Amino acid sequence: MADVHLPDWAEQLWDVERYLVAYGGRGGAKTHTFAQALVIMGAQRPLRILCGREFQNSIDESVKPALELMISKADLDDFYEVQNKVILGANGTRVAFKGFARNIMSIKGLEDYDIVWVEEGQSLAHKSLELLRPSIRKPGSQIWFSMNRHDRAGAVDEMFFSESGPPPKSTVIKVNYDDNPFFPDEMEDERLLCLETTPERYPHIWLGEPDDGASEYVLLPYSWLLKCVDAHKDLNVDISGIRHAGLDPNDGGADLNGYADRYGPLLECATEWQAEFQHQTASKAERLCNEQGELMSVATKKY
């Protein structure tokens, strides 16, 4: 095997316990680094590796070309046999590729894999993630995600970036262009141009921040809402009035329950969650109301 040069952050890939998330903006070389690491790991010991993504209409849309490139760079062409749909190692390593959305229930049959790498993790559906996690059950098995955060309500985003923090045995790494020692001049020109011409898009595209203005359903950008936090204190506004709470229950599918309560003009709480049954939604809304310490009138959206 030829000498391989990986960015410094890649050292953590060999210490993963269960979950690994590498997220950030463009130019961080997350995909190539994951591919290079897995090629090396698969040569070091027999591994069953699945490279998946939510949408994959053909093998050309997978990370297979990136793996093939890294096999050549590591001078492992004689070790790996690259076939049409799989890559096989001389020691028994096997790399397969899958799109989850086309046959979502087939995720339940993935229990024999050592490592599952989900590329474009920001696009993974809640149902796919729900099925994937308990399906990868082999002792010592790992689930990797490479992503550029998009919607805060996305499945992977909620799992690793909520207020409660990531689950146990998680390694979360932020990787941006300045973590890539091989960052090309052409991309540096694009980065500087974006910073100059569309600075409002720069944090998402190049720094890996969530794309709070991306959804067509967004009425107010998240950054605007943040500016409202404790604004009454800066404005010396006296808060008083009636307490109200509103509940917008989900209507099935991936839709979330939405809840908010206010005290006079002050929004005190806004949250969302998933629940399978309506009585669970009602119970949680009642608990949130009671936590305010006063009886509130609840306005419920009806369909």
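Author: Happy to! Let's start at Lys138, which counts as partly exposed because its relative accessibility is 26%, a value that falls between the 20% limit for buried and the 50% limit for exposed. Please keep in mind that this is a predicted model.

What does Lys138 form with Asp114? The two make a salt bridge, and their closest N and O atoms are 3.1 Å apart. Lys138 sits in the loop between H3 and S7, while Asp114 sits in the loop between S5 and S6, so this pair ties together parts of the chain that are 24 residues apart in sequence. Is Asp114 buried or exposed? Asp114 counts as buried, because its relative accessibility is 14% and the limit for buried is under 20%.

Now let's look at what flanks the loop of Lys138. On one side is helix H3, on the other strand S7. Strand S7 covers residues 142-147 and pairs with strand S1, residues 19-23, in the parallel sense over five bridges. Within this pairing, Val21 stands opposite Phe145 of S7. Helix H3, residues 126-135, packs on the sheet and touches S1, S7 and strand S6 (115-119). The direction of H3 makes about 150 degrees with that of S7.

Stepping back to the sheet itself, we find eight strands forming an open sheet with mixed pairing, in the order S3-S4-S5-S2-S6-S7-S1-S8. From one strand to the next, the twist averages 15 degrees.

Lys174 pairs with Glu209, with the closest N and O atoms 2.7 Å apart. Because Lys174 lies in S8 and Glu209 in the loop between helix H6 (202-207) and helix H7 (222-228), this pair ties together parts 35 residues apart in sequence. Both ends count as partly exposed: Glu209 has a relative accessibility of 32%, and Lys174 has a relative accessible area of 34%. Back where we began, Lys138 and Asp114 belong to one network with Arg48 and Asp112, joined by salt bridges that share partners. The whole structure holds nine salt bridges.

Lys64 and Glu68 meet through their side chains at 2.6 Å, N to O. Both are in helix H2, four residues apart, which is about one turn of the helix. Lys64 counts as buried, at 8% relative accessibility, whereas Glu68 is partly exposed, at 29%.

H2 lies across strand S2 (48-53), S3, strand S4 (87-89) and strand S5 (94-99), and runs at about 140 degrees to S3.

Our last stop is a cavity. Which residues line the largest cavity? They are Leu38, Val39, Leu67, Ile71, Tyr80, Ile87 and Val95. Helix H1 (30-44) and H2 are the elements that give two or more residues to this lining. About 40 Å³ of space lies inside.

Terms used. Residues numbered from 1 in each chain as written. Predicted model: local features only at pLDDT ≥ 70, side-chain atom pairs only at ≥ 80, totals over all residues. Heavy atoms only, no water. Pairing = 2+ DSSP bridges. Axes fitted to C-alpha atoms, helices over the stretch in contact; angles between N-to-C directions. Contact = heavy atoms within 4.5 Å. Salt bridge = Lys/Arg side-chain N within 4 Å of Asp/Glu carboxyl O. Buried < 20%, exposed > 50% of the residue type's maximum accessible area, 1.4 Å probe, protein only. 1 Å grid on protein atoms, 1.4 Å probe; cavity = no way out; pocket = protein on both sides within 12 Å on 5 of 7 lines; lining within 4 Å. Points joined across faces, edges and corners; volume = space filled by probe spheres on them.
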